[in-house]
Amino acid sequence: MAKPAHFSTKDRILGAAEELFALHGFAGTSLRQVTSQADVNIAAVNYHFGSKENLVNEVFRRRMDEMTSARLAQLDAARREHPGALRPVLAAFVEPALAMAQDRQTGGAFVRVIARAYAEKNDNLRKFLSDHYGHVLRDFGKAISACVPELSKEELYWRLDFLAGSLTYAMADFGLIKRPAGVTEAAHRAHAAQELIHFAEAGFRASAASSASTTSLSTP
């Protein structure tokens with residue numbers, strides 16, 4: 001199938017890699033498959049990315065940069081317009097991610113790639129994500145802590161970790177509740193966002209189960 005002329009070689013490689021990683025995983029996808037799908041030669045992949053590892057990283061960067069920018073802009077607005085309010089902070093974390101997942105052209109395959117990242121052990125990818133996007137969780141952690149200062153740092157990050165996992169599940173649309181007939185995808189995702197935000201708010205406001213935990217904390 002001919003590729004649209006307005007897509008650059010780099011875009012075609014990233015798009016092909018994203019689709020193949022979603023289908024076969026990182027280890028199960030070869031550069032030969034990527035070049036065949038993108039209709040380029042191996043020299044083009046080496047020129048733009050240098051290695052398969054860098055290609056994997058750039059597939060994430062392409063989507064994560066946009067989502068991160070939207071999240072942090074919404075977080076800044078929440079802090080400025082609703083100081084001390086937890087719900088707008090949670091909305092800033094949840095809504096941009098579900099909006100990306102809703103976009104079938106840009107988010108559908110990437111959601112499956114995220115699921116692959118959870119399922120496959122890829123230390124290099126995890127380090128890349130931590131180095132480049134760990135500050136996002138820290139920023140949200142600080143904002144949430146300001147709203148629920150009674151939580152210890154450990155409790156806060158346990159709950160933020162659970163929220164991130166629930167959000168990934170919601171993005172993948174694996175849940176028991178499917179989009180009803182006659183309801184648009186946008187409306188369904190908006191409803192899912194509100195339900196998740198409501199659930200997360202209750203979780204962050206719940207009393208600590210124990211004030212004397214010995215679990216060590218590794219801050220993301």
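1. Helix axes are here lines fitted to C-alpha atoms over the stretch in contact, and the angles between N-to-C directions run from 0 to 180 degrees. Helices themselves are DSSP runs of H or I with at least four residues, numbered from the N terminus. The model is a predicted one, in which local features need pLDDT of at least 70 and side-chain atom pairs count only at pLDDT 80 or more, while totals for chains, interfaces and linings use all residues. Residues are numbered from 1 along each chain as its sequence is written, and side-chain values use heavy atoms, with hydrogens and water left out.

2. On that basis, α4 and helix α6 (residues 108-119) pack at an angle of about 120°, with their axes 11 Å apart. The two are therefore oblique to each other, a class that takes what remains once angles under 35 degrees are called roughly parallel, those over 145 roughly antiparallel and those from 65 to 115 roughly perpendicular. Contact (heavy atoms within 4.5 Å) joins Val-59, Phe-60, Arg-63 and Met-64 of α4 to Phe-110, Val-113, Ile-114 and Ala-117 of α6. By class, seven of these residues are nonpolar, none polar and one charged, where Ala, Val, Leu, Ile, Met, Phe, Trp, Tyr, Cys and Pro count as nonpolar, Asp, Glu, Lys and Arg as charged, and the others, Gly among them, as polar.

3. Helix α4 itself (residues 52-81) has 30 residues, which at 1.5 Å a residue should span 44 Å, and the 43 Å between its end C-alpha atoms agrees with this; the expected span is 1.5 Å times one less than the number of residues.

4. The residues in contact include Leu-156, Leu-160 and Leu-163 in α8 and Leu-196, Ala-200 and Phe-204 in α9. This contact has nine nonpolar, two polar and two charged residues.
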